[in-house]
Amino acid sequence: MFEDELKSLADKGLLRTIKDRSSAQGAVIRVDGKELLNFSSNDYLGLSNHPRLIQAGISGLETYGAGAGASRSLSGGAEIHARLESLIASFKKTESALLFNSGYSLNTSVIPAIATEEDAIFSDELNHASLIDGIRLSKARRFVYRHADVGHMKSLLDSTTARRRIIVTDGVFSMDGDIAPIAEIASLADESTWLYIDDAHATGVLGAGRGTLAHFGVKPSEWIIQMGTFSKALGSFGAFAAGSKGLTDWLVNNARGFVYSTALPPCVVAASIEAIKLISEEPELIERLWKNRRMVVEGLKKIGLDIGVSVTPIIPVLLDDVRQAIELSRRLLESGIYVPAIRPPTVKRPRLRIAVSATHSDEQIERLINALEESTKAFPPTSASQAP
Ligand SMILES: *Cc1c(COP(=O)(O)O)cnc(C)c1O
């Protein structure tokens with residue numbers, strides 16, 4: 001099946017394949033019997049293999065069993081589901097929080113539950129695919145504004161009448177590593193203009209782990225909905241929506257990914273609880289992440305590579321064509337370093353995407369920079385001269 005279509009993807013260098021590990025996630029992983037220095041994971045703090053998360057998972061498993069057995073509405077939830085929700089609400093300083101099975105499931109359930117054909121959604125052009133899909137599933141009218149361009153967004157807002165206008169944006173953009181101008185956007189939020197922030201890459205990273213609003217020192221309000229995931233910096237799995245009690249009560253009744261899907265396994269919930277406690281008790285974890293991020297950026301700038309607008313631990317090396325991205329990624333892999341090439345349609349401009357973790361050592365970061373210097377010498381990006 002799909003022989004011709006797959007061949008055509010392969011011919012264009014766009015064929016995706018799966019790379020599975022035989023080790024835990026971490027700074028060093030084992031793939032196809034080979035040890036790789038890993039700069040590809042969103043496990044920013046190395047929590048997925050942290051002894052405290054593992055122990056919490058084991059006791060969750062022993063107390064509540066392996067699977068949840070039903071949706072939350074039908075006895076699928078254990079007391080720890082509610083405990084994690086109140087922990088998240090106090091961590092995010094919101095009235096309430098509700099768990100979902102993944103960030104993808106949350107965005108594709110919550111957006112259609114809050115926006116109807118009477119409403120209008122204003123979406124950043126670089127929003128994550130799960131937001132785009134959620135917006136498509138809703139019946140609201142959609143307006144796409146230029147990336148992080150609040151002026152453009154305002155002009156679209158001003159020219160639109162609707163019962164409710166909902167601004168939807170990533171907090172941290174997953175392919176460029178820049179941060180949405182949330183302070184400015186949040187000042188627009190009121191009873192008829194809501195703000196929906198996807199903090200998948202900001203949770204555990206920005207604002208002492210509390211996300212983009214906290215990073216800008218903006219207080220949560222009734223009109224701001226924050227989603228975050230446990231699957232990235234928090235090293236576990238699942239997602240949460242944080243906001244007013246009215247919001248979460250509505251979602252319990254209307255979000256299809258909540259109503260029609262089995263609750264998260266209790267061991268996963270237990271690990272998420274431990275992750276939130278851990279980042280609150282050990283702020284040096286997040287400090288180490290940012291120190292590593294600075295070290296990688298200094299190294300890349302020294303060798304003249306273009307990291308675009310990145311200001312977070314997501315660091316793209318921008319390139320001009322797909323084959324160059326694939327070739328550089330292949331050369332790095334040969335020297336035992338995994339840095340994925342990201343290509344269209346995920347991004348317009350091909351790139352290597354470096355994801356830094358708190359668990360990378362100084363020596364590992366030096367190895368990355370040296371290997372990049374070697375491979376780009378052999379295969380130089382034509383845009384290197386434009387590097388800042
Ligand atoms: C990863 C990601 C998601 C999806 O979260 P999962 O828990 O992996 O399903 C949603 N939004 C953004 C911005 C993401 O980067």
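Which residues of helix α9 (residues 245-254) are buried? They are L247, T248 and L251, where buried means under 20% relative accessible area with a 1.4 Å probe and protein chains only, and where a helix is a DSSP run of H or I of at least four residues, numbered from the N terminus. Seen down the axis of α9, these buried residues fall within an arc of 90°, taken from the directions from the helix axis to the C-beta atoms, so they line one face of the helix. An α-helix has 3.6 residues a turn, so residues three or four places apart point the same way. Among the elements that cover the buried residues of α9 are β3 (96-100), α4 (103-114), β8 (224-229), β9 (239-243) and α10 (256-259).

This is a predicted model, in which local features need pLDDT of at least 70 and side-chain atom pairs count only at pLDDT 80 or more, while totals for chains, interfaces and linings use all residues. Residues are numbered from 1 along each chain as its sequence is written, and side-chain values use heavy atoms, with hydrogens and water left out.

Helix α4 also gives the most to the shell around the ligand, with three residues. In total 13 residues surround the ligand, each with a heavy atom within 4 Å of it, and the closest are G103, D198, H201, S231 and K232. An N or O atom in the side chain of K232 is 2.5 Å from an oxygen atom of the ligand, and for S231 the corresponding distance to a ligand oxygen atom is 2.9 Å. Taken alone the ligand exposes 380 Å², of which the protein buries 86%, by the Shrake-Rupley method with a 1.4 Å probe.

Technical notes
Buried < 20%, exposed > 50% of the residue type's maximum accessible area, 1.4 Å probe, protein only. Helix = DSSP H or I, 4+ residues; strand = E, 2+ residues; numbered from the N terminus. Contact = heavy atoms within 4.5 Å. Polar contact = N/O pair within 3.5 Å; in protein donor to acceptor, adjacent residues only side chain to side chain.
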